[in-house]
Amino acid sequence: MSAGSIAVVDGTLPELESNVVDLLHDSYRVLVYGGVLHSSRVLRLVDLGVRGYVPETATLPVLLAAVKSVGADGTHLPFDPASGRNSLPLTTAEEVAANAYFLSDEQLPRSEVARKLGIADSTLRNQLASVRRKLGIPPQASRTAVSRRYRATVRQPLPRRQSV
């Protein structure tokens, strides 16, 4: 298997979660296709590491766009993960903190991110806890799971193609 291989998993499988965990353990980027899953189940799959979900009612162009997004290390969900949670908007400080901590490719320790932002580590810790609370993410969720959920929640512009 090459690095970054994508596995498309049937969303109607009875043992969906265990199949997903096995594929993630084997370093696949997982996209679930098919079935009509409730948003809470999709979010559980995202917390496990699934990169995207496409319901069976989606068109072929939507499925292809999802594969392309997951292949480019992105995500694809047919809904806003924060919707229906009575989530509160993030403050500017929380957004800056979450972007620096969860969206950075460097995965620096929290204390280092705080230093780069020019704030105390405890301030960053509190801001990140508030972000988790507002997005409905449990405190015990791993940084990777929170990063995936946060990445799927924020609307980011697509990266521009670099000319060759």
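## Loop residues with positive phi

Gln107 is placed in the loop between α4 and α5, where helices are DSSP runs of H or I with at least four residues, numbered from the N terminus. The structure is a predicted model, in which local features need pLDDT of at least 70 and side-chain atom pairs count only at pLDDT 80 or more, while totals for chains, interfaces and linings use all residues. Residues are numbered from 1 along each chain as its sequence is written, and side-chain values use heavy atoms, with hydrogens and water left out.

Although Gln107 is not a glycine, its phi is positive, at about 55°. With a relative accessibility of 39%, Gln107 counts as partly exposed, a class lying between buried (under 20% relative accessible area) and exposed (over 50%), calculated with a 1.4 Å probe on protein chains only. Asp73, in the loop between α3 (60-71) and α4, also is a residue other than glycine with a positive phi, near 70°; at 43% relative accessibility, Asp73 counts as partly exposed.

## The buried side of α4

Helix α4 spans residues 92-102, and its buried residues include Glu94, Ala97, Ala98, Tyr101 and Phe102. These residues cover an arc of only 100° around the axis, and therefore lie on the same side of α4; the arc is that of the directions from the helix axis to the C-beta atoms.

## Packing of α5 against α6

The axes of helix α5 (residues 110-117) and helix α6 (residues 121-135) come within 8 Å and cross at roughly 105°, so that α5 and α6 are roughly perpendicular to each other, a term for angles of 65 to 115 degrees. Axes here are lines fitted to C-alpha atoms over the stretch in contact, and angles run from 0 to 180 degrees between N-to-C directions.

On the α5 side, Arg110, Ser111, Val113, Ala114 and Leu117 meet Asp121, Leu124, Arg125 and Leu128 of α6, contact being defined as heavy atoms within 4.5 Å. By class, this contact has five nonpolar, one polar and three charged residues.

## Nonpolar cores

The largest nonpolar core has 16 residues, and those with the most contacts inside it are Phe102, Leu124, Leu128, Val131 and Tyr150; such a core is a set of buried Ala, Val, Leu, Ile, Met, Phe, Trp, Tyr and Cys residues joined through side-chain atoms within 4.5 Å. The elements giving two or more residues to this core are α4, α5, α6 and α7 (143-153). Apart from this core lies another, of 13 residues, among them Val9, Val32, Leu45 and Tyr53.

Leaving aside neighbours within four places in sequence, Val131 is in contact with Leu90, Glu94, Ala98, Phe102 and Tyr150.

Conventions: Parallel < 35°, antiparallel > 145°, perpendicular 65-115°, else oblique. Nonpolar A, V, L, I, M, F, W, Y, C, P; charged D, E, K, R; others polar.
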